[in-house]
Amino acid sequence: MVAENQVPLHGSGMQQIVGFILELDKLKGVTRKTRPLGLARYENSAEHSWQIAMLAASLAHHADTALNVPHVVSMLLVHDIGEIDTGDTLAYAEGGWDERKAAERAAVKRIFGLLPEAQGAAFLALWEEFERGDTPEARFAHAVDRAMPVLLNLANEGQSWRENGISHERVVRRIAPPIQAGCPALWEYLEVRLEEARQKGWFGA
């Protein structure tokens with residue numbers, strides 16, 4: 001007997017889940033602009049999603065308010081799935097975000113639509129909560145999402161900032177508001193280190 005909130009592990013429900021998971025494999029092929037430490041290649045979006053989920057779980061006790069950490073992690077694991085169809089956009093890009101987000105929304109609806117309806121709807125709700133940023137969990141998720149590329153750049157002497165001509169001012173303008181809103185302690189940590197990186201010449205023109 002299957003509990004009311006469980007999907008039967010046979011028939012179309014199982015096949016839909018398998019199809020969905022295999023579709024997610026494409027996220028491993030979405031290339032980002034930052035290199036993993038010590039590697040010549042660029043990271044992919046699946047790696048990024050895993051790493052920020054771990055960052056959130058590790059950092060949650062620094063948040064200003066108590067968080068539902070599994071909920072934060074779930075949001076972070078789904079938030080970039082639309083990039084399977086749209087590709088990754090450099091976080092510091094200026095303009096065109098409404099069009100990009102509309103394309104991502106269409107993509108996640110397609111991809112989550114591969115699942116049994118209730119499961120797909122639950123994942124879509126997580127994605128939409130992240131996009132709205134109107135809960136403490138969503139704000140914290142945004143903070144760690146913005147912070148992770150910064151942490152990698154601080155560890156690799158500004159690799160993607162230098163390669164893409166990203167200035168210190170542009171980085172701060174893009175990341176400071178969401179990180180301050182979601183985890184002020186994290187911004188206090190990063191602000192000092194970003195200034196140190198500026199003085200070392202780790203930013204683009």
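A word on the model first: it is predicted, so local features need pLDDT of at least 70 and side-chain atom pairs count only at pLDDT 80 or more, while totals for chains, interfaces and linings use all residues. Residues are numbered from 1 along each chain as its sequence is written, and side-chain values use heavy atoms, with hydrogens and water left out.

Let's start with Glu104, which is found in helix α5, residues 97–112 (helices are DSSP runs of H or I, at least four residues, numbered from the N terminus). Is Glu104 buried or exposed? Glu104 counts as buried, at 7% relative accessibility (buried is under 20% relative accessible area, exposed over 50%, partly exposed in between, with a 1.4 Å probe and protein chains only). Leaving aside residues up to four places away in sequence, Glu104 touches His79, Gly82, Thr86 and Trp127 (contact means heavy atoms within 4.5 Å).

Now the rings. The structure holds four aromatic pairs (ring centres of Phe, Tyr or Trp, the latter by its six-membered ring, within 6.5 Å; planes under 30 degrees apart are stacked, over 60 edge-to-face, the rest tilted). Phe20 and Phe123 are stacked, with centres 5.9 Å apart and planes at 15°. That pair joins helix α1 to helix α6, 103 residues apart. Phe20 is buried at 4%, whereas Phe123 is partly exposed at 28%. Phe112 and Phe123 form a tilted pair, with centres 5.7 Å apart and planes at 35°. Phe112 is buried too, at 3%. Ring pairs link Phe20, Phe112 and Phe123 into a cluster.

Note on methods
Helix = DSSP H or I, 4+ residues; strand = E, 2+ residues; numbered from the N terminus.
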